[in-house]
Amino acid sequence: MASYLARRLTLAIPVLLGILFVTFSLTRLLPGDPCRSALGEKATDEICDAFNDRYGLNDPIYEQFRIYISDVLHGNLGESLKFGRPVTELMVERLPVTLELSFFAMLFAVTVGIPLGVISAYYHNSSIDVGTMIWANIGVSMPVFWLGLMLSYVFGVVLKDTPFWLPPTGRLTAGQSIEPFYVAWGLNVDGDALTLPGFIANINTLNALLVRDWDGFVDAFKHMVLPAIAVGTIPLSIIARMTRSSLLEVLGLNYIRTARAKGVREMGVVVKHGLRNALLPVVTIIGLSLGSLLSGAVLTETVFGLSGVGRILYDSITGRDYTVVQAFTLIIAVFFVFINLIVDALYAYLDPRIRLE
Amino acid sequence: MTKHQHDFQPSTNSQPLLEIHDLRTYFFTRDGTVKAVDGVSLTVERGQIHGLVGESGCGKSMTAMSILRLVDKPGRIVSGEVLFKGEDLLKKTRHEMTAIRGKQISVIFQEPKSSLNPVLRVGTQLIEVLRIHEGKQRTIKRKDAVEQLRSVGIPDPDRRVENYPHEMSGGMAQRVMIAMGMACAPDLLIADEPTTALDVTIQAQVLDLIRKLRDEHEMGVILITHDMGIVAEMADIVTVMYAGTAVEEAPTVELFETPLHPYTQGLIASIPVMGQVKERLEVIPGNVPNLIDMPPGCRFAPRCKARIEHGLTRCEVEEPHMIEAKPNHFVRCWLYEGES
Ligand SMILES: Nc1ncnc2c1ncn2[C@@H]1O[C@H](COP(=O)(O)OP(=O)(O)OP(=O)(O)O)[C@@H](O)[C@H]1O
Ligand code: SF4
Ligand SMILES: [Mg+2]
């Protein structure tokens, strides 16, 4: 198992280098002038020359690439052309929001989607099955943006003053704040060292758990509910449908007949013997749907007034803020490679035949 | 007391272990009703091996699955009685049935490797049966599984218990299936073509094992096969099936010496004389009728030469009945009916 994972990890390195190269090239090939995007149309040639010099944009492309890689390896993701701030700082600010949202959306999708699929398969062809699948099909085609608006309207406006009200915008109620864990723990961090702790502290729910601030946790969590449902609905529907079809296929196999003949109860047959075998394609789908989940998160952030990577990524792309685009693309790619490793590990855990390959 | 394989005498005073009366299991498909099992009756005594033979698709497996009430949709048992120790299994609740499966009646299947769950260790799968039926959740341990494996002759059971099914050969996997089937010492073992997927030497070992376990536990066995050689070697009594019905039943020696039904005669004629077991019985010309549109008379009529030789006319119009043509020898054929 360990050697299997080590092999997967090694395979990830060329993938990452490739991604680095592709994003670097793509951003350079985009039409548009970074200097004038950043400094405005009135910037003179002299000013732009100095700007380009400062950011190494006058160097030959391959030199820029070499410097870029070496910087990345040293943990230096560069400075935003537009904001003049280190990209890492922007990340510490924005990325936790998107990650937190994606996490809760996925949690929602998996914990609701898999049981729905199981129930549907268990009651195959009954009205429960048909009803669940109709909802799943509606869910798949739900526009995330619209769903977000509807949710915030219903739960934030219509249900105002009822116990079902949920905050439709922001990350915390005004006036509520959670003490960063490194302060609460009396850690002496500042400057560069702040990057990682700052990042973690900015994941509100996690930080609240770390400092055992239950009110803060509940508040932060409540703010996540609506956006997570909005973002998680499509993957939930995909997961539910996949679980159902995969399970139905597995339930027709010989070892399921054996399990029944052994006297295993039907629920046990479905969950213990069926589900684990049926989960392989579901895990694949979960890994794949992370892509749509991230793009959904980016869209939804605007609706729910969350300042995640969505807005900044959009602005950087339109503003030719190369360093920011590269950095975020890189981070997202690393995130995906990491998710793929988790998927591989889950595969190996679920199916002993894979471990041996 | 262990019975020798061929000297079986039906006991008249005690209750038979299993009695099936006129069982019918149909599949209700879009194309019509598939009468997979259509009037099967048979009796299994304790300590007896009851052979169930017939061509592929004649309903052997469905008969077996009907006993356990494990017929998949769109199939349904439409009528009949399955008396197990005198109680009709078809009247049991679902809950009562799960308690019987694996405990009092076990099955082993044709494809051992695909019949074991690929993601669970064989030890886990063995322990599961014991935990379900013996109720000793915590006291049942790995060593019980090791014991079970040892009892079916698996070498190195200590190591094998940790194996996954894909790490085993077919013969080994079938032994595991048998160990699982025998774990709770069932009264009835249904072996559905237990050796078809195995090579000849392993086949003989597995059959020996089944016979040995039958002798040790006095259990009844239904041995399903389409290999007449295996039937001759193993069974005490044989039921021959054709297109969903039982066409002949007799003690094995009697059946092989004086087969009555023209179909059985064809089957026996198809056994190769010198050793070497045949894969399929294909010697009788013609095909099994479509189970949806059954001919109105005898189902074997389209392939039956005896019908023409004897100039029987009602074969194609009226279905013959299962009658006792000789003591303990039952047959469903107009050749033996009504000629008093
Ligand atoms: N799900 C199903 N739908 C429709 N018909 C079915 C279904 N399952 C089985 N049958 C029918 O039931 C009949 C009997 O099947 P069964 O498996 O009992 O045959 P068998 O005698 O065991 O044959 P084999 O030697 O190939 O195992 C077959 O002819 C098949 O057409
Ligand atoms: S009833 Fe007629 S057709 Fe059927 S087996 Fe007997 S002789 Fe042949
Ligand atoms: Mg069969």
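Colleague: How many salt bridges does the count come to over all chains?

Modeller: This is a predicted model. Over all chains, the count comes to 33 salt bridges.

Colleague: How many of these salt bridges are counted between chain A and chain B?

Modeller: Between chain A and chain B the count is three salt bridges. One pairing is that of A:K262 with B:E128, whose side chains meet at 2.8 Å, N to O. Another salt bridge joins the side chains of B:D72 and A:R260, at 3.8 Å, N to O. The latter pair runs from the loop between α1 (60-68) and β4 (75-84) of chain B, where B:D72 lies, to helix α12 (residues 254-262) of chain A, which holds A:R260.

Colleague: Let us turn to helix packing. At what angle do the axes of α6 and α7 of chain B cross?

Modeller: Helix α6 (residues 170-182) and helix α7 (residues 200-217) of chain B have axes that come within 10 Å and cross at roughly 15°. Angles under 35 degrees count as roughly parallel. The helices α6(B) and α7(B) are therefore roughly parallel to each other, and their crossing is right-handed.

Colleague: Which residues make the contact of α6(B) with α7(B)?

Modeller: From α6(B) come B:G171, B:Q174, B:R175, B:I178 and B:M182, which meet B:I202, B:Q205, B:V206, B:L209, B:I210, B:L213 and B:H217 of α7(B). By class, the residues of this contact are seven nonpolar, four polar and one charged.

Colleague: How do the axes of α3(B) and α6(B) cross?

Modeller: The axes of helix α3 (residues 122-134) of chain B and α6(B) come within 8 Å, with a crossing angle of roughly 20°. That angle makes α3(B) roughly parallel to α6(B). Their crossing is right-handed. The residues in contact are B:V122, B:Q125, B:L126 and B:V129 of α3(B), with B:V176, B:A179 and B:M180 of α6(B). This contact has six nonpolar residues, one polar and no charged ones.

Colleague: Finally, the backbone. Which residues does a cis peptide bond join, and which residue has a positive phi although it is not a glycine?

Modeller: The cis peptide bond joins B:K73 and B:P74, with omega about 0°. B:P74 lies in the loop between α1 and β4 of chain B, the loop that also holds B:D72. The positive phi, about 65°, belongs to A:N125, which lies in the loop between α5 (87-122) and α6 (127-140) of chain A.

Technical notes: Residues numbered from 1 in each chain as written. Chains lettered and ligands numbered in written order. Predicted model: local features only at pLDDT ≥ 70, side-chain atom pairs only at ≥ 80, totals over all residues. Heavy atoms only, no water. Axes fitted to C-alpha atoms, helices over the stretch in contact; angles between N-to-C directions. Helix = DSSP H or I, 4+ residues; strand = E, 2+ residues; numbered from the N terminus. Parallel < 35°, antiparallel > 145°, perpendicular 65-115°, else oblique. Left-handed = near helix turned anticlockwise from the far one by under 90°. Contact = heavy atoms within 4.5 Å. Nonpolar A, V, L, I, M, F, W, Y, C, P; charged D, E, K, R; others polar. Salt bridge = Lys/Arg side-chain N within 4 Å of Asp/Glu carboxyl O.
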